[in-house]
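Here is my note on the model you sent. Please read it with the structure open and check each point as you go.

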Amino acid sequence: MPQALERADGSWAWVVLLATMVTQGLTLGFPTCIGIFFTELQWEFQASNSETSWFPSILTAVLHMAGPLCSILVGRFGCRVTVMLGGVLASLGMVASSFSHNLSQLYFTAGFITGLGMCFSFQSSITVLGFYFVRRRVLANALASMGVSLGITLWPLLSRYLLENLGWRGTFLVFGGIFLHCCICGAIIRPVATSVAPETKECPPPPPETPALGCLAACGRTIQRHLAFDILRHNT
């Protein structure tokens, strides 16, 4: 684990809060501007309304459904790396989508890859506020949500301007560069010292005759550990 550089409720926590606001504006605000490109995409690929609408649907679905995968990455690599990884994936997805020749490619690049990257950046930036803020945690979460409203306001204005001057392919290419700002926000999230020291328990080694877990059993153990289904099971 990296050495802790900051402490909770310190001055750097407000810088992290600003980075979280920017990240939320970039990720949660982006889906609101997709409708501006609907007619252009429909004409470009000669597609019906339902076929074109799959692009924003996949993007929004992956943005929210990939939360469990994001939690695994946060537990393994930390919030800083996960936010930066999300920025890279979102950028690569938008850059690749600008070269799409059909809707299937657009579904995968701008829908799946970009949605996955935005999920990593959004979920991780929200999680890190719980480490940086203790006494003002409620206020920090309230201020962080203001970034969404800023993104909802600014994304459509920028999208319309770029679409009129660069077309949808050039606009998506510029969006790829904009999403790289999530990497800058992730770099701001420095390791923070926690007030609770991790517990160290010595567990006896498993008996040698115990067979190795199968693939399905191992996946079940991993899901149960990260999603904490035991809380629901023991508190029905």
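**Notes on the fold and its packing**

1. Start with a cysteine. Cys79 is buried, with a relative accessible area of 8%. Keep in mind throughout that this is a predicted model.

2. Does Cys79 have a bonding partner or none? Its sulfur is 7.8 Å from the closest cysteine sulfur, in Cys70, so the two are too far apart for a bond. Cys70 is buried as well, at 2% relative accessibility. The structure holds zero disulfides. Cys70 is in none, and the nearest cysteine sulfur to its own, that of Cys119, is 5.2 Å away. In general terms, a disulfide is a covalent bond between the sulfur atoms of two cysteines.

3. Now look at the helix where Cys79 sits. Helix H5 covers residues 79-97, which makes 19 residues. From first C-alpha to last, H5 reaches 27 Å. That is close to the 27 Å expected at 1.5 Å a residue.

4. Which residues of H5 are buried? They are Cys79, Thr82, Val83, Gly86, Gly87, Ala90, Ser91, Gly93, Met94 and Ser97. Trace them along the helix on your screen. These buried residues pack against four helices: H4 (67-77), H6 (103-132), H7 (137-179) and H8 (181-188).

5. Next, the core. The largest nonpolar core has 52 residues. Phe30, Phe37, Leu106 and Phe175 have the most contacts inside it. Helices H1 (12-27), H2 (38-45) and H3 (49-65) each supply at least two residues of this core, and so do H4, H5, H6 and H7. H6 gives the most, with twelve residues. As a general rule, nonpolar side chains in soluble globular proteins tend to be buried together.

6. Take Phe175 as a worked example. What does Phe175 touch, beyond residues up to four places away in sequence? The list is Phe30, Phe37, Met94, Trp155, Leu158, Ser159 and Leu162. Phe30 and Phe37 were named above with Phe175 for their contacts in the core. Met94 is one of the buried residues of H5.

7. The aromatic rings deserve a paragraph. There are 13 aromatic pairs. Phe37 and Phe172 form an edge-to-face pair, 5.2 Å centre to centre, with 70° between the planes. This pair links distant parts of the chain. Phe37 is in the loop between H1 and H2, while Phe172 is in helix H7, 135 residues apart. Both residues are buried.

8. Phe172 has another pairing, with Trp168. This pair is edge-to-face too: 5.3 Å centre to centre, 80° between the planes. Trp168 and Phe172 both lie in helix H7, four residues apart, or about one turn of the helix. Trp168 is buried at 5% relative accessible area. For Phe172 the value is 1%, so Phe172 is buried too.

9. Step back to the wider group. Which residues form one aromatic cluster? They are Phe30, Phe37, Phe45, Phe55, Trp155, Trp168, Phe172, Phe175 and Phe179.

10. Two arginines also meet aromatic rings. The charged end of Arg76 sits over the ring of Phe77, 5.1 Å from the ring centre. The charged end of Arg190 sits over the ring of Trp12, 3.9 Å from the ring centre.

11. Phe133 is in the loop between H6 and H7. Is Phe133 buried or exposed? At 1% relative accessibility, Phe133 counts as buried. Phe133 and Ala8 are 125 residues apart in sequence, yet their C-alpha atoms are 5.6 Å apart in space.

12. Finally, compare two glutamines. Gln46 lies in the loop between H2 and H3. Gln46 is exposed, with a relative accessible area of 63%. The phi angle of Gln46 is near 50°, a positive value in a residue other than glycine. Gln24 is found in helix H1. Gln24 is buried, with a relative accessible area of 4%. Leaving aside neighbours within four places in sequence, Gln24 is in contact with Gly29, Phe122, Ile126, Ala144, Ser145, Gly147 and Val148.

Note on methods. Residues numbered from 1 in each chain as written. Heavy atoms only, no water. Expected span 1.5 Å × (residues − 1). Buried < 20%, exposed > 50% of the residue type's maximum accessible area, 1.4 Å probe, protein only. Contact = heavy atoms within 4.5 Å. Core = buried A, V, L, I, M, F, W, Y, C linked by side-chain atoms within 4.5 Å. Phe/Tyr/Trp six-rings, centres within 6.5 Å; stacked < 30°, edge-to-face > 60°. Lys NZ or Arg CZ within 6 Å of the ring centre and 35° of its normal. Disulfide = S-S within 2.5 Å.
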